[in-house]
Amino acid sequence: MDEWDPENADPSQQVGARHHTVPAFYLRRFANSHNQLWVRDRRSPTPGLRKETDLAIRDFYTFQNIHGQPDGRMEQMLQKIEGNAASALRRVTSAVTWGRPITPQDKVDLCIFTAFQLVRGLRKRREIELMSDFYVRLMQLNTPVGAGRRAVAAHRDMLRDFRTLEVTSHPNEHVSLLGKLAEPLSDHLLGRPLTVVELTDGALLTCDEPVVTFKDQEDTPDPVIPQARRRDRTRRRRGQRAIRQTRTLIQIQSTRNQGLARADEVVIPVGRRALLAFSHPAATMPSHLRMTPEESQEMTKEVNERLLAQAYFMAFTHPDDRHLLADPLPEVGPLYRLGGVHPEQARVAGATPSHLRPELFGRR
């Protein structure tokens, strides 16, 4: 990234272009010689062949800059990250260099790429929208000024009812958080041993949420905190009423996974029979590992099942492996859970979103 200066980059570049939430170079690693993939799209009843160039969204990473103009520099930055990762992947998976230690720079590039894949997709943007919606209700947006107690109470009741109003944040909110979210994730991945795994049997698929986490113990959701409030009182002063403040601790928990820090292994498929595995920080692992056919079958089954379970809109596979996408994708459940709130609020906010597609720049 040193050779690219975002301050002097042209903000108009990539504005109006089609942006891949799953990079094109990555999809081509699962495509045939015509750059075609077998795609299962949640919005279509049947799967079919699609070119990787068609699997993009116009202006997904375009944002509005401080001058009020559309700006494409985030997409330019992601292209740099993808270019570095593509070069690193070619080196670490090449038969010529197989078994050689992974260079520190290649590991850095792959960690950054993996970290951004965790935060750059449609699901993360929709999560941010839903959390923003909850925050606006919590802060009681636009409470009537000068209204009577009954009008104010009625307005607050409306905001408490999660079924009557939805506020959607601007795409800038998601774009502005990409670097802040990805940086600590990439730092954590750097502390894990990285292994390039080659499978000798079976076939891997991938999806629009291609990073998988595994735990040795049962993968159950963490409990959320119960509703609790603390009331603080100031000293009573002469001639003044005591000022009372109520503080509420609220927990917002994503349902996607339990986080990288608690995972025993983080895996991302990078081809039909290749994947990157970030092992437990305390583990000792080789840089390259070739699995037996039996081990490969077990690994592909486990990874494919997890990928299908967490696919948001689409899953992809090589056209010769279309049997892997024979069944429809599982339904998407709640994107986040709440703790510290009224049970009714937690129940409604934790329901499956009314629609899955997030807001795009300049349109919904």
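Which strands does helix α3 lie across? Helix α3 (residues 104-119) lies across β7 (194-198), β13 and β14 (274-278), and runs at about 90 degrees to β14. Helices here are DSSP runs of H or I with at least four residues, strands are runs of E with at least two, and both are numbered from the N terminus. Axes are lines fitted to C-alpha atoms, for helices over the stretch in contact, with angles from 0 to 180 degrees between N-to-C directions.

Colleagues, please note that this is a predicted model, in which local features need pLDDT of at least 70 and side-chain atom pairs count only at pLDDT 80 or more, while totals for chains, interfaces and linings use all residues. Residues are numbered from 1 along each chain as its sequence is written, and side-chain values use heavy atoms, with hydrogens and water left out.

I begin with the sheet. Five strands form an open, mixed sheet in the order β9-β13-β14-β7-β15; two strands pair if DSSP finds at least two bridges between them. At its edges are β9 (212-214) and β15 (288-290), each pairing on one side only. From one strand to the next the twist averages 25 degrees. Strands β9 and β13 (residues 265-271) run antiparallel and are joined by three bridges, with Val212 opposite Val267. Helix α7 (residues 293-310) also packs on the sheet, touching β9, β13 and β14; contact means heavy atoms within 4.5 Å.

The largest nonpolar core has 59 residues, and Leu276 is among the members that touch the most others. Such a core is a set of buried Ala, Val, Leu, Ile, Met, Phe, Trp, Tyr and Cys residues joined through side-chain atoms within 4.5 Å. Buried means under 20% relative accessible area, exposed over 50%, and partly exposed in between (1.4 Å probe, protein chains only). Helix α2 (residues 73-93) gives the most to this core, with nine residues. The contacts of Leu276 include Leu110, Leu194 and Val267.

Finally, the charged pairs. There are 13 salt bridges, each a side-chain nitrogen of Lys or Arg within 4 Å of a carboxyl oxygen of Asp or Glu. Glu82 pairs with Arg120, their closest N and O atoms being 2.9 Å apart. Glu82 is buried at 12%, and Arg120 is buried at 2%. Arg272 forms a salt bridge with Asp321. Because Arg272 lies in the loop between β13 and β14 and Asp321 in the loop between β16 (314-317) and β17 (336-339), this pair ties together parts 49 residues apart in sequence.

Methods:
Lists of a residue's contacts leave out its neighbours within four places in sequence.
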